Amino acid sequence: MSSKLTSAWRALFGDSARAFGSLSVILLLCLAVVPAKDHFREWTGYQAGYLRYIANRGDAATLKRRFEGGIQQTWLPAIDVVDRCTTCHVALTATSLDRNGPQPYRPHPVIPHKLDQFGCVLCHRGQGVATSVKEAHNSTLAWEQPILPAQYIESGCGQCHQNKLTGTPQLNQGRQLLGEYGCVHCHTLNLADGNKIAPADHPPLLTHIAESHINAEANAV
Ligand code: HEC
Ligand code: HEC
Ligand code: HEC
Ligand code: HEC
């Protein structure tokens with residue numbers, strides 16, 4: 001045993017050239033393994049946590065069967081969607097789980113769309129391809145945006161829906177107020193079809209004031 005070890009030691013570190021070569025390989029491995037480990041640990045941790053979370057439930061077997069490990073993604077090339085949020089949010093369709101349970105293991109609230117119809121980011125924002133919480137939720141990239149706080153989620157529906165929806169009272173009211181208070185005289189707000197929200201207030205025309213500077217009589221009429 002010890003003679004085998006000695007000969008292995010000689011083969012790897014016997015002279016300075018061998019030692020240099022072996023150490024370089026070891027260093028390279030360390031450099032490669034450390035970031036890779038950090039990268040994988042986070043989502044693998046959430047998936048392992050999920051299996052622990054459901055382990056003692058009556059329906060554990062069913063939930064486990066539905067669970068898919070590894071990186072999950074919704075890929076819709078036609079609309080440029082690559083969303084991996086479901087890698088951690090593993091229980092979105094597990095409706096038997098507690099709606100107020102710990103995240104990321106809550107089932108998704110019922111919405112009028114299928115969750116894989118257009119991914120997650122179209123409604124929630126965030127960085128779809130990311131597999132760490134920091135990058136997925138708090139993207140600082142110029143072309144991606146951090147996830148919307150839940151209280152603003154209705155604004156996501158407004159990107160596609162033009163007309164009032166019963167499920168989006170805040171969005172409906174917001175759009176109405178922007179017209180009513182005339183904000184849209186100055187702020188351009190595009191609707192899904194490319195048209196703009198029209199003002200619904202009727203401010204007095206100020207053309208006669210402009211004219212009064214040129215022609216003092218115009219104001220007197
Ligand atoms: C690496 C795992 C991971 C990924 C990837 C991930 N999440 Fe999360 N998510 C979590 C965790 C953990 C929480 C609960 C703690 C928190 O809010 O940070 C959470 C919470 C949330 C919440 C609730 C926030 C609130 O205010 O209650 C939303 C919404 C959400 N995630 C959306 C997304 C979307 C959209 C994506 C993809 C762009 C995504 N997540 C990707 C782990 C993840
Ligand atoms: C059609 C729009 C839409 C899509 C697509 C969508 N969501 Fe949501 N999501 C919502 C709405 C609306 C809510 C409810 C917000 C609220 O009122 O709290 C929500 C809530 C959530 C929450 C918070 C749940 C809670 O109760 O704390 C998470 C996490 C979440 N969504 C993740 C996702 C993930 C991951 C995807 C992609 C698989 C996704 N959503 C796709 C609209 C959407
Ligand atoms: C990416 C675009 C898109 C987003 C975002 C979106 N929808 Fe839709 N929605 C559609 C399309 C397209 C239809 C037509 C039917 C279909 O394809 O599902 C539709 C249909 C509907 C319908 C049924 C038909 C109708 O018009 O009454 C409801 C209700 C609805 N969406 C509500 C919502 C809500 C609430 C949200 C936000 C949580 C939302 N949608 C987000 C595109 C979108
Ligand atoms: C007379 C024109 C005018 C009207 C009417 C107007 N705004 Fe503005 N608004 C501006 C200008 C100009 C700025 C930019 C000010 C600055 O950057 O210093 C601004 C800035 C804002 C901002 C900050 C935007 C940002 O990116 O920081 C918000 C929010 C806003 N307005 C909302 C409203 C709302 C809501 C209404 C209606 C109740 C409204 N505005 C009506 C001219 C207007």
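I began with ligand 3, whose shell divides into 8 nonpolar and 6 polar residues, with no charged residue. The model I am reading is predicted. I listed the 14 residues around ligand 3 and recorded P112, F118, C157, C160 and G167 as those that come nearest. Two elements, α4 and α6 (154-157), each give two or more residues to this shell.

Entry on domains. I looked up the domain assignment, which gives domain 1 as 2-147 and domain 2 as 158-221. I noted that the C-alpha centres of the two domains lie 47 Å apart. Which domains supply the shell around ligand 3? I found that domain 1 (2-147) and domain 2 (158-221) each contribute at least three residues to that shell.

Entry on ligand 1. I counted 25 residues around ligand 1, and C85, C88, Q103, G126 and A136 come nearest. I traced the elements giving two or more residues to this shell and found α2 (16-54), α4 (121-124) and α5 (133-137). By class, I recorded 13 nonpolar, 10 polar and 2 charged residues around ligand 1.

Entry on ligand 2. I found 20 residues surrounding ligand 2, with C85, H89, C120, C123 and A150 the closest. Which element gives the largest share of the shell around ligand 2? I found it to be α4, with 3 residues. By class, I recorded 11 nonpolar, 7 polar and 2 charged residues in the shell around ligand 2.

Entry on the core. I turned to the largest nonpolar core, which has 15 residues; Y50, C85, C88, V90, A91, A94 and C120 touch the most other members. I noted that α2 and α4 are the elements that give two or more residues to this core. The most comes from α2, with 3 residues.

Entry on A94 and T62. I looked up the contacts of A94, leaving aside neighbours within four places in sequence, and found L63, R66 and P107. I then placed T62 in helix α3 (residues 60-66). Is T62 buried, exposed or partly exposed? I recorded T62 as partly exposed, because 13 other C-beta atoms lie within 10 Å. The C-alpha atoms of T62 and A94 are separated by 9.8 Å, and the two residues are 32 apart along the chain.

Entry on L141. I located L141 in the loop between α5 and α6. I recorded L141 as exposed, because it has 10 other C-beta atoms within 10 Å and a residue with 12 or fewer counts as exposed. I also looked up L141 against S7: the pair is 134 residues apart in sequence and 53 Å apart in space, C-alpha to C-alpha.

Entry on α7. How does the span of helix α7 (residues 169-180) agree with 1.5 Å a residue? I took the 12 residues of α7, which should span 16 Å, and found the end C-alpha atoms 16 Å apart; the expectation therefore agrees with the model. The expected value uses one less than the number of residues. Finally, I looked at what follows α7 and noted G182, whose phi is positive, near 75°.

Technical notes: Residues are numbered from 1 along each chain as its sequence is written. Chains are lettered from A and ligands numbered from 1 in the order in which they are written. This is a predicted model: local features need pLDDT of at least 70, side-chain atom pairs count only at pLDDT 80 or more; totals for chains, interfaces and linings use all residues. Helices (H or I, at least four residues) and strands (E, at least two) are DSSP runs, numbered from the N terminus. A residue is buried if 20 or more other C-beta atoms lie within 10 Å of its own, exposed if 12 or fewer, and partly exposed in between; C-beta atoms are placed from the backbone. Domain bounds come from an automatic or database domain assignment. A residue is near a molecule or strand if its C-beta atom, placed from the backbone, lies within 6 Å of it. Ala, Val, Leu, Ile, Met, Phe, Trp, Tyr, Cys and Pro count as nonpolar, Asp, Glu, Lys and Arg as charged, and the others, Gly among them, as polar. A nonpolar core is a set of buried Ala, Val, Leu, Ile, Met, Phe, Trp, Tyr and Cys residues joined through C-beta atoms within 7 Å. Two residues are in contact if their C-beta atoms, placed from the backbone, lie within 7 Å.
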